[in-house]
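Welcome! Please take a moment with the sequence and the 3D view before reading on.

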Amino acid sequence: MRSVIVRKAIKLVSSALIMSGILFSYVATGTEKEVATLRDTTKIAEQKEPNIIPKVINKDIRQGRNYPMQPPVIPHTIRSYEVNQYNNKCMSCHSRQLTEESQAPMVSVTHYMNRDGNFLAEISPRRYFCNQCHVPQLDAKPLVGNTFIDMHSLMKQKTSQDNQE
Amino acid sequence: MKKLLKVGWDTLSSPSGYYSLGFLVLGGFVAGIIFWGGFNTALEVTNTEEFCISCHEMENNVYEELKTTIHFTNRSGVRATCPDCHVPHKWTDKIARKMQASKEVWAKLWGTINTREKFQAHRRELAEHEWARLKANDSLECRNCHNFDFMDFTEQSQRAAKQHSGALAKGEKTCIDCHKGIAHQLPDMKGVEGW
């Protein structure tokens, strides 16, 4: 019984490996022309003029999601904000007890839960480093387009279509 | 000993029998210039960044941290050196601070913060001294460069403009209340107001 499972697993893994290999080679050749690296087509021996460094968007206006379940992006600069073993500068505005004064968006309740779903008094260690998921945005032209439409808009479109029919 | 003191006192209290009054007055005047000038020059030497970072405690910890901040490098090239923020500019206050600093010489001799670990252990205490000083003088050293009267709120981000035109304008808060750790890393901020 056990050996059957093992054999099945080996089969599955090997086929997945082959598939990913095919997919990878397709992606590699497919995107080569569309998206260049930072070096563009500069020759190996030459040094490329660096691109202008874009500015951080600092408008304090919340932005929509760019893909499903995207962690909200930071709409302000975070230069020299310390998040280390001693301090978390983000939490000096976004923590639950300080949002009234700061009027900043409150950190969601999931960030206070440990992996077993128990609620902690302080932000959970696994959610402590905000920049792992939340990042500020640069005022730069996107390298690739995005046609993402969130589920809510899709549902709305569908119901309006259904109503017309 | 008592005899020696008496001879000294007798010499000082009796009139000069050899030098003319003019020589003594002019000589005293010139000597005064030299001593006073020398004193002030020496004082100014201790008021430079080179002097501060001639100790490794300052160079390897706080100076390295300052290097990454906007007070070290920025678009216009104006920069703050150590004494700009840490030594009062007014003469009497400066002398008072310099007298306080004699305790820091003592700490240097004993090696109180001569390793990174020791420095980290003392960071909260050292930071609290500076917070207290800036709180007491209404962030005077910040205001030597950042003048509230000429702040353009429309050039600031919305959050900054709200705080500056509100709490700061009313005098409820001073610069250091919010802008802690702008030039050096913060200590453990547990229990500090607003953290």
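This is a predicted model: local features need pLDDT of at least 70, side-chain atom pairs count only at pLDDT 80 or more; totals for chains, interfaces and linings use all residues.

Residues are numbered from 1 along each chain as its sequence is written, while chains are lettered from A and ligands numbered from 1 in the order in which they are written.

Let us start with chain A, which has 4 helices and 0 strands; from the N terminus on, its elements run α-α-α-α. Helices (H or I, at least four residues) and strands (E, at least two) are DSSP runs, numbered from the N terminus. Of the 165 residues of chain A, 4% count as buried.

Why does A:His76 count as buried? Because 20 other C-beta atoms lie within 10 Å; the cut-offs are 20 or more for buried, 12 or fewer for exposed, and partly exposed in between, with C-beta atoms placed from the backbone. Leaving aside neighbours within four places in sequence, A:His76 is in contact (C-beta atoms, placed from the backbone, within 7 Å) with A:Asn58, A:Asp60, A:Pro136 and B:Ser157. The C-alpha atoms of A:His76 and A:Pro136 are separated by 6.5 Å, though the two are 60 residues apart along the chain.

Finally, here is the contact between the chains.

| Chain | Residues in the contact |
|---|---|
| Chain A | 8 residues |
| Chain B | 12 residues |

Notes
Two residues are in contact if their C-beta atoms, placed from the backbone, lie within 7 Å.
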